[in-house]
Amino acid sequence: AQQDENTWQIRIKRRGHISTVTYPYNPLDVVGWHGDNTVVRLNWRDIRPLMSHRYHLPPSAHTTFVANGFVICTFTPRPVESDPGALKVPFYHNNDDYDEVLFYHRGNFFSRDNIEQGMVTLHPCGFPHGPHPKALKKAQTDPATFIDEVAVMIDTRRALEVGEAAAGVDVPDYVNSWRAPGKES
Ligand SMILES: [Fe+2]
């Protein structure tokens, strides 16, 4: 009902001054809103990923949802960093505030060895981790120009517990996957 072809003016206050923008119609031309007031479901195919040709962006750059006590990051297919000096894999780190759960949905998971589609990893807070040795070597030698992966990460402020179903399919040796060959305990 508010739509019309009359002249409307918008006044914009900035640094104590007012600018006027004149429209030949009512710019409040939203017809309506269907569905929820916020996005609750997002198709990864609709995400246009951030990337830098010189720097491997930290996971937080891929945050899709922020909630009270947790964040969700979505990793989607994207170009590999092209600068010769760029680090092309995630840096080694430990997250002292959040438990990290990663679900590997589809593709090739360039920073992991022996991780297949459908797997989930849990890195409890404070646990140092990063690229697996083989993956690190591959990143330094592989001329791949595209990361074809889809993964979803949930980082939680509160400690997670492993449920029975997950414990039943646990890969107990995962924790050793960063060890140098011959140093398995
Ligand atoms: Fe991490």
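## Overall dimensions

The protein has a radius of gyration of 23 Å, whereas a compact globule of 185 residues would come near 16 Å; the radius is taken over C-alpha atoms, and the globule rule is 2.2 Å times the number of residues to the power 0.38. Along the principal axes, the C-alpha atoms fill a box of roughly 80 × 45 × 35 Å.

A word on the ground rules: this is a predicted model, in which local features need pLDDT of at least 70 and side-chain atom pairs count only at pLDDT 80 or more, while totals for chains, interfaces and linings use all residues. Residues are numbered from 1 along each chain as its sequence is written, and side-chain values use heavy atoms, with hydrogens and water left out.

## Fold and contacts

The protein holds 2 helices and 9 strands, where helices (H or I, at least four residues) and strands (E, at least two) are DSSP runs numbered from the N terminus. Read from the N terminus, the order is β-β-β-β-β-β-β-α-β-β-α.

Of the contacts in the protein with a separation of 6 or more, 61% join residues 24 or more positions apart; a contact means heavy atoms within 4.5 Å. Buried residues make up 26% of the 185 residues. Here buried means under 20% relative accessible area, exposed over 50%, and partly exposed in between (1.4 Å probe, protein chains only).

## The largest pocket

Where is the open space? The search runs on a 1 Å grid over the protein atoms alone: a pocket is an open set of points with protein on both sides within 12 Å along at least five of seven lines, a cavity is a set of points where a 1.4 Å probe fits but cannot get out, and lining residues have an atom within 4 Å of a point. Grid points are joined across faces, edges and corners, and a volume is the space filled by probe spheres set on the points.

The largest pocket holds about 980 Å³ of space. Its lining has 33 residues, with Thr121, Asp170, Val171, Tyr174 and Val175 nearest the centre. Strand S7 (120-123), helix H1 (133-141) and helix H2 (164-168) are the elements that give two or more residues to this lining, and S7 has the largest share with 3 residues. By class, the pocket lining splits into 19 nonpolar, 7 polar and 7 charged residues. In this scheme Ala, Val, Leu, Ile, Met, Phe, Trp, Tyr, Cys and Pro are nonpolar, Asp, Glu, Lys and Arg are charged, and the others, Gly among them, are polar.

## The enclosed cavity

Across the whole structure, the search finds 1 cavity of 30 Å³ or more. The largest cavity contains about 350 Å³ of space, and 28 residues line it, of which His56, Pro59, Phe75, Pro90 and Ser111 lie nearest its centre.

At least two lining residues each come from strand S5 (78-79), strand S6 (99-107) and strand S9 (149-156). The cavity lining comprises 16 nonpolar, 7 polar and 5 charged residues.

Cys73 counts as buried because its relative accessibility is 2%, while Cys125, at 40%, counts as partly exposed.

## Loop residues worth a look

Arg15 sits in the loop between strand S1 (8-14) and strand S2 (17-23). Its phi is near 50°, a positive value in a residue other than glycine, and Arg15 is exposed at 80% relative accessibility.

The loop between S2 and strand S3 (63-67) includes Leu57 and Arg45. Arg45 is exposed, with a relative accessible area of 57%, and its C-alpha atom is 26 Å from that of Asp83, 38 residues away along the chain. Beyond residues up to four places away in sequence, Leu57 touches Leu50, Met51, Ser52, His62 and Glu81.

Asn95 belongs to the loop between S5 and S6 and is buried at 18% relative accessibility. Neighbours within four places aside, Asn95 contacts Glu100, Cys125, Gly126 and Asp155. Asn95 and Pro124 are 29 residues apart in sequence, yet their C-alpha atoms are 8.1 Å apart in space.
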